[in-house]
Amino acid sequence: MRIGVPHMGNLYIPLKALLERLELDFVIPPVNNQRTLSLGVRYSPEGMCIPFKLTLGNLIEAAELGADTLLMPAGSGICRLGYYAKTQEQVLHSLGYDAEIVSVGVSQRKLLGLLEVIKRLSNNAPWAKIISAFRFGLAKLNVLDTIERAVQKVRPVERVKGTANRLFARAITATEQADDYQSLKRVKTDCLEQLSQVERDESAEPLVVGIIGEFYVLLEPFSNMDVEKELGRLGVEVRRGLFTSEWTKFSLFLNPLGVNEKDRLHKAAMPYLKRDIGGEGWESVGEKVLHAKDYDGLVHLAPFTCMPEIVAQNIMPSTKENIPVLTILCDEQLGKPGMLTRLEAFVDLLKHHRRAKVKV
Amino acid sequence: MVKVGIPRALLYYQYYPMWRTFFEGLGAEVIVSPPTTQATLAAGSSRVVADTCLPVKVFCGHVLALVDKCDYIFIPALRSVKSKIYNCSKFLGLPDMTRAVIPECPPILDIDIDINKGKRRLYREIYRLGRNLSWNPIKIRRAALAAWQAHREYKELMVNDGLTPPQAIARLGGAETPSNTPDRPAIALIGHPYLLYDELINHRLVHRLEQAGYRALTPEMLTPEQLETAITRLTGQPYWTYEEEVVGSGGHYLESGVEGAIGVIAFGCGPDSLMMDMVQRQAIRLKTTPFMSLTLEEHTAEAGVVTRLEAFLDMIQRKKRRGAEVCV
């Protein structure tokens, strides 16, 4: 049995740590690239969304490397995500791969779903071993997200553009290689130290733009054409509420106690959208209402044909709380120059807004 | 008399007799929007973002047609009618979305239907809906029971007499409808009722089949048991609320010896993109029934539909003559 996993941002690093520590046989397919996308597009049903296409590409590439047990998130009452595994398995079979997809029920059971699957796949390894491996994976995830938060602050104000990105890339490799808590801690402190020493433009007051929308395209830079990096290059500070480490923290410890990180967003969205519509639609509306005052603008990312986000996109213009929103639909047809032009125009508009506000 | 408007779109085809009985039981007058026209579609499309799917655009058009004709508009948020099986986001957010894109809309009567939250919750929701029209709980209860009875009769009528929803609604209204002619060769239409029976968006597909000498079989003519066994065979556990209309009827008809099957989906439909793919794969595996997939959107031209339909029917004829292998 060889396990394969799909990609989502840097999630493969903690997953790799987890599977390594459990001494399981596994492969990590190449990080998302043009070939992944082409494979995914070629074998997906026509109207599918980009997360399906990319994860299908990952699974095919994992199967090429000999994986026969593929992990895919699933669940019920979410969106098409719950149906992914069924179709992807059929595609893999029709391509001649004898692979089985193991659904990881993350929507209701959250991380516990993953724990149970891991327990089964590791031939009933003792819980102590699984939990210790899990802890190490989570530690890596936390380090990556802490560094990313710091990088988001530095990008817009650095004197030499690209410094923060370079440091981030180096930190990602170092995190991947770290194999105990000590070296992991060193990676974190070193990187944060270096980031704090980056030469900054002290006079700059960067625009603040919130990134909202669908989980996958938010967290997978390949699918959104590095929108955060590009905004940073344009001198915009990016705020994102969604981090995988936040999600895991809440789903493991706080959700069972009845605390939900999203309650604030849901409450804010209430006057306009009264119920959960699956995916992140409810949260997207909530973010707009909640952050209308403290951000300069919002970039709303959604996969093309994403059902929940289309509903959110229809509702958003009607809110009383007003803030400029740029919706970018991500799919294989999204071209970088086109997206950059739209981002530049959007940033110009926000600058005008801010200037007008200052005058008043 | 209070007037309650019901848009002739989306869930209308599944539940209209039930809704009408309920509201009339509470002493309201029910007004249904007129059949879809090009103007309905254009008006609806102008309100929502471009990516919204065709049926929802049509729905908004129907709501606009009702705006100054009634006191309330009934738009349910149908989340789940079977345990752990949920509906598409567009149905879940329908009342909120309509309120957002059509601000001039009369007050919306909405009801959250989610069987997973328990029967008691469902009854409370029905009561909450009824309270808008009557203070009397007994009257609401009686109306709800009558509505449920009407719904069952409606479903049975379609299964027993082989009627399509518009035919069944007409018959319940007392009109004489021609019964189907069983001696004709049959073509199965697979898809949601809001696509199959909206004559504008599918360019009178049922009608055209009849003109060509065929009889259209639709998902509503199958019993729940037939649909369920077909789903179990194809995908195991159903995932979407209306999965039986696509995967269930597709799985059944592909093995029922019909002359051909046509899968009808709307462009950009999330659930259908996956479900119709399942049916298509099954058709390829079986190689017994010719299968054509027809994608509808507002730019779908009549001539295009006609050409494809003719080609498909020609292929079926040729296959019959030669006994050739099936093309999918």
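In chain B, helix α2 (residues 38-45) packs against helix α3 (residues 54-66) at an angle of about 100°, and their axes are 7 Å apart. That angle makes α2(B) roughly perpendicular to α3(B), a term that covers 65 to 115 degrees. Among the residues that make this contact are T40(B) and L41(B) of α2(B) and F59(B) and H62(B) of α3(B), where contact means that C-beta atoms, placed from the backbone, lie within 7 Å.

This is a predicted model, in which local features need pLDDT of at least 70 and side-chain atom pairs count only at pLDDT 80 or more, while totals for chains, interfaces and linings use all residues. Residues are numbered from 1 along each chain as its sequence is written, and chains are lettered from A and ligands numbered from 1 in the order in which they are written.

In chain A, helix α8 (residues 181-197) has L184(A), V187(A), K188(A) and C191(A) buried, that is, with 20 or more other C-beta atoms within 10 Å of their own. These residues lie on the same side of α8(A), because they cover an arc of only 95° around the axis. The buried residues pack against α6 (127-154) and α7 (163-177) of chain A, whereas the face turned away from them carries Q182(A), T189(A), E193(A), S196(A) and Q197(A), which are exposed (12 or fewer such atoms).

Between the chains, the contact takes 27 residues from chain B and 32 residues from chain A. On the side of chain B that touches chain A, the largest share, five residues, comes from α13(B).

Definitions and conventions:
Axes are lines fitted to C-alpha atoms, for helices over the stretch in contact, and angles run from 0 to 180 degrees between N-to-C directions. Helices (H or I, at least four residues) and strands (E, at least two) are DSSP runs, numbered from the N terminus. Angles under 35 degrees count as roughly parallel, over 145 as roughly antiparallel, 65 to 115 as roughly perpendicular and the rest as oblique. Two residues are in contact if their C-beta atoms, placed from the backbone, lie within 7 Å. The arc is that of the directions from the helix axis to the C-beta atoms.
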